Amino acid sequence: MNDFQTTFGHPPQVTAHAPGRVNLIGEHTDYNDGFVLPIAIEQAATVMISFSHDSQHHLVAPDTGERYDLMPDAKLEGLGKYVLGCFRVLEEHFKITVPPLNYWVRSTVPTGSGLSSSAAIEVATLRAVRELLNLELDDVKLAQLGQRAENVWVGVPCGIMDQMASSVANTQTALFLDTLTLEMRSVSLPAGSEILVIHSGVSHELSDGGYAERRAQCEEASRLLGLKSLRFLTDWGQLSTLEGKLKKRARHVVTENDRVLRALESDAGHFGILMNESHSSLRDDYGVSVRAVDDLVEILQAQGGVYGARMTGGGFGGCVVALVRAGRVLEVGRRAVEQHRALGYAGRQVVPPLE
Ligand code: GLA
């Protein structure tokens with residue numbers, strides 16, 4: 001069952017792609033109505049579909065060996081949650097029934113890495129069905145439906161960053177997004193810099209509870225402050241009325257929003273400092289880093305040619321992103337992976353891809 005044709009006996013009617021993303025700065029701000037700055041990566045999900053000739057959806061993912069034959073109203077598990085979750089939000093939005101489909105997906109975005117492998121599958125799935133059924137759906141609305149599929153059917157209370165990045169970002173310029181207004185603009189990387197992404201070798205699982213717990217803490221903090229969301233905490237003095245963990249969580253969010261806005265105006269050197277500060281804040285105030293990631297961040301920060309480095313994505317493992325002097329990325333990547341492996345981890349370079 002390697003490709004669509006051999007699996008289903010005919011070629012696909014539609015093929016769609018959607019990329020993963022790496023977030024440069026602005027972490028855990030999106031569900032607080034804040035600012036983010038992701039950029040698409042080359043790794044992407046590819047979805048192929050055709051109408052099925054029976055009453056079931058047939059889903060195949062050769063990479064994970066998953067195969068599901070599902071009635072449209074089936075109870076969902078595994079890949080089924082993502083795919084039928086997308087079908088169901090489309091049905092709800094357009095008041096239609098998605099006809100039974102043959103569905104095939106393959107992705108080069110590593111899972112559990114903080115690079116939005118789920119959003120890439122959701123966006124590619126929605127794109128494929130949009131084309132097959134000729135649905136009138138713009139890229140922003142498509143991202144919102146992907147987020148809804150993730151919230152409702154996958155069960156991760158994520159913000160809008162990943163699906164927006166996968167739906168509208170490109171690999172050449174970063175995407176500044178105000179997650180409250182969905183106002184966005186393309187932002188060039190600081191002159192003379194390039195991006196390096198290294199996997200720490202430790203996978204994360206955002207449905208485990210730590211992510212939802214952080215989100216609930218932020219909502220509780222803004223409720224105590226009488227704000228609609230932490231986006232509106234502009235007088236930092238108000239932080240002193242909060243206590244313990246809530247104070248730390250809120251402090252991360254307001255300082256991180258401020259760092260994103262400052263990053264937009266920064267040269268590579270200053271941008272890197274903001275990334276380093278972001279990491280410390282995520283580690284110390286937000287509590288979403290792990291040892292393997294901290295070790296990798298420290299190794300990167302110590303390399304010549306590195307402007308700054310931080311964890312990226314939801315946390316609890318996954319990847320580290322570094323801003324590196326142009327032309328030095330491969331050398332820095334090789335050395336950092338080597339030093340990290342010497343500590344016993346199984347890390348590897350993800351961006352730029354090595355093969
Ligand atoms: C995950 C979520 C995003 C965002 C990041 C943290 O990737 O899907 O919505 O909250 O974590 O910045």
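Before we go on, a word about what you're looking at. This is a predicted model, where local features need pLDDT of at least 70 and side-chain atom pairs count only at pLDDT 80 or more, while totals for chains, interfaces and linings use all residues. Residues are numbered from 1 along each chain as its sequence is written, and side-chain values use heavy atoms, with hydrogens and water left out.

Back to the pockets. Rolling a probe the size of a water molecule over the atoms shows where empty space is left. On a 1 Å grid over the protein atoms alone, a pocket is an open set of points where a 1.4 Å probe fits, with protein on both sides within 12 Å along at least five of seven lines; lining residues have an atom within 4 Å of a point. Points are joined across faces, edges and corners, and the volume is the space filled by probe spheres set on them.

The largest pocket holds about 920 Å³ of space. It has 44 lining residues, and Tyr82, Thr111, Gly112, Ser117 and Ser118 are the closest to its centre. Helix H3 (117-133) is among the elements that supply at least two lining residues, and H3 gives the most, with four. Helices (H or I, at least four residues) and strands (E, at least two) are DSSP runs, numbered from the N terminus. The lining splits into 16 nonpolar, 18 polar and ten charged residues. Here Ala, Val, Leu, Ile, Met, Phe, Trp, Tyr, Cys and Pro count as nonpolar, Asp, Glu, Lys and Arg as charged, and the others, Gly among them, as polar.

Now for the second largest pocket, at about 310 Å³. Its lining has 14 residues, with Ile39, Ala40, Thr171, Ile195 and Val351 nearest the centre. Strand E3 (38-51) gives the most to this lining, with five residues. Val351 turns up again in a cis peptide bond to Pro352, with omega near -5°.

His28 isn't a glycine, yet its phi is positive, about 60°. His28 sits in the loop between strand E1 (14-23) and strand E2 (35-36), and counts as buried (under 20% relative accessible area, 1.4 Å probe, protein chains only) because its relative accessibility is 4%. Asn134, in the loop between H3 and H4, also has a positive phi, near 60°. Asn134 counts as exposed (over 50%) because its relative accessibility is 69%.
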